[in-house]
Amino acid sequence: DTVKSIGHAAFANCMNLESVRMADSVESIGEQAFRYCRKLKNVKLSNSLKSLEFGLFEGCSRLYNIALPESCESISSNVFSDCRRLKYITFPEKMNENICKQMLINISRIKSSCIIYLTKSDKNKAFVKYLQNQGWEVEKLDLQTKDVSLKIRETFELRMNSYAKCTWESSNPSVAAVNYYGKITAKNKGTAVITATLYGKTYKCKVTVK
């Protein structure tokens, strides 16, 4: 958690890189840092990141979801150029609308296959309408399910409907434990509440172990 920056083209052309989870200490990433990482699918950006620089994920043809950090203040060109499989995009509620629009310019060529997820509230009602008028599909950010029933030793992969990476916590780990990735493991009979936290908001799922 002491790394504050990632250099220019630091991981470019890393053909076997499939997943990136940045520490929140990272404040800057150089241009083209992950350019042509052809197998890269999942990215969890730092919550302290100030900008997305030129060509950051250019050519990451398997990247399919991205959640923008609330701290982001600017998005350069070609950040997601040739990210043909990008489908799930999550915007934080507090993010500046102009920043969001910069993002949309980056991915306008794949508009027909993308879904934008955000918290639909009175605060961003006008922005949601703008997105819909521009032809973007918009969905409310939430958990994929709010109620899970398991037998002892069964597991279940809980996730946000946007595939955004979040933090997980169980109210009763002795009944239902949850790991770093949202995988629930049923331990003993009883109930527990699994809480996901994303952008400072919490989302809850009840787990019953029979």
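Colleague: What is the order of the 4 strands that form an open sheet with parallel pairing?

Modeller: The 4 strands of this open sheet pair in the parallel sense, and their order is 6-8-9-10. Strand 6 (65-67) and strand 10 (137-140) each have a single partner strand, so one side of each has no neighbour in the sheet; they are the edges. Two strands pair if DSSP finds at least two bridges between them. With parallel pairing, the order reads 6-8-9-10.

Colleague: What kind of model is this, and how are residues numbered?

Modeller: This is a predicted model, in which local features need pLDDT of at least 70, side-chain atom pairs count only at pLDDT 80 or more, and totals for chains, interfaces and linings use all residues. Side-chain values use heavy atoms, leaving out hydrogens and water, and residues are numbered along each chain as its sequence is written, from 1.

Colleague: In strand 8, which residue is the bridge partner of Ala67?

Modeller: Strands are DSSP runs of E with at least two residues, helices are runs of H or I with at least four, and both are numbered from the N terminus. Strand 6 and strand 8 (residues 88-90) pair in the parallel sense over 3 bridges. The bridge partner of Ala67 in strand 8 is Thr90.

Colleague: What is the average twist from one strand to the next in the open sheet with the order 12-15-14?

Modeller: This open sheet has 3 strands and antiparallel pairing. Strand 12 (155-157) and strand 14 (176-178) are its edge strands, each pairing on one side only. Axes are lines fitted to C-alpha atoms, for helices over the stretch in contact, with angles from 0 to 180 degrees between N-to-C directions. From one strand to the next, the twist averages 20°.

Colleague: Is helix 1 roughly parallel or roughly antiparallel to helix 2?

Modeller: The axes of helix 1 (residues 97-106) and helix 2 (residues 125-133) come within 12 Å and cross at roughly 20°. Angles under 35 degrees count as roughly parallel, over 145 as roughly antiparallel, 65 to 115 as roughly perpendicular and the rest as oblique. The crossing angle therefore makes helix 1 and helix 2 roughly parallel.

Colleague: How many residues in the contact of helix 1 with helix 2 are charged?

Modeller: Glu97, Cys100, Lys101 and Leu104 of helix 1 meet Phe127, Tyr130 and Leu131 of helix 2; contact means heavy atoms within 4.5 Å. Ala, Val, Leu, Ile, Met, Phe, Trp, Tyr, Cys and Pro count as nonpolar, Asp, Glu, Lys and Arg as charged, and the others, Gly among them, as polar. In this contact 5 residues are nonpolar, none is polar, and the number of charged ones is 2.

Colleague: Is Thr119 buried or exposed?

Modeller: Thr119 is in the loop between strand 9 (115-118) and helix 2. Not counting residues up to four places away in sequence, Thr119 touches Glu93, Asn124, Leu141, Lys201 and Tyr203. Buried means under 20% relative accessible area, exposed over 50%, and partly exposed in between (1.4 Å probe, protein chains only). The relative accessible area of Thr119 is 15%, so Thr119 is buried.

Colleague: Which residue in strand 16 is the bridge partner of Trp168?

Modeller: In strand 13 (residues 167-170), Trp168 and Ser170 form the covered face, while Thr167 and Glu169 form the uncovered one. Strand 13 and strand 16 (residues 190-198) pair over 4 bridges in the antiparallel sense. In strand 16, Trp168 has as its bridge partner Ala196.

Colleague: What is the relative accessibility of Asn78?

Modeller: Asn78 is in the loop between strand 7 (74-75) and strand 8. Its phi is near 60°, a positive value in a residue other than glycine. Asn78 counts as partly exposed because its relative accessibility is 34%.

Colleague: What distance separates the C-alpha atoms of Lys129 and Glu18?

Modeller: Lys129 lies in helix 2 and is exposed, with a relative accessible area of 56%. Lys129 and Glu18 are 111 residues apart along the chain, and their C-alpha atoms are separated by 35 Å.
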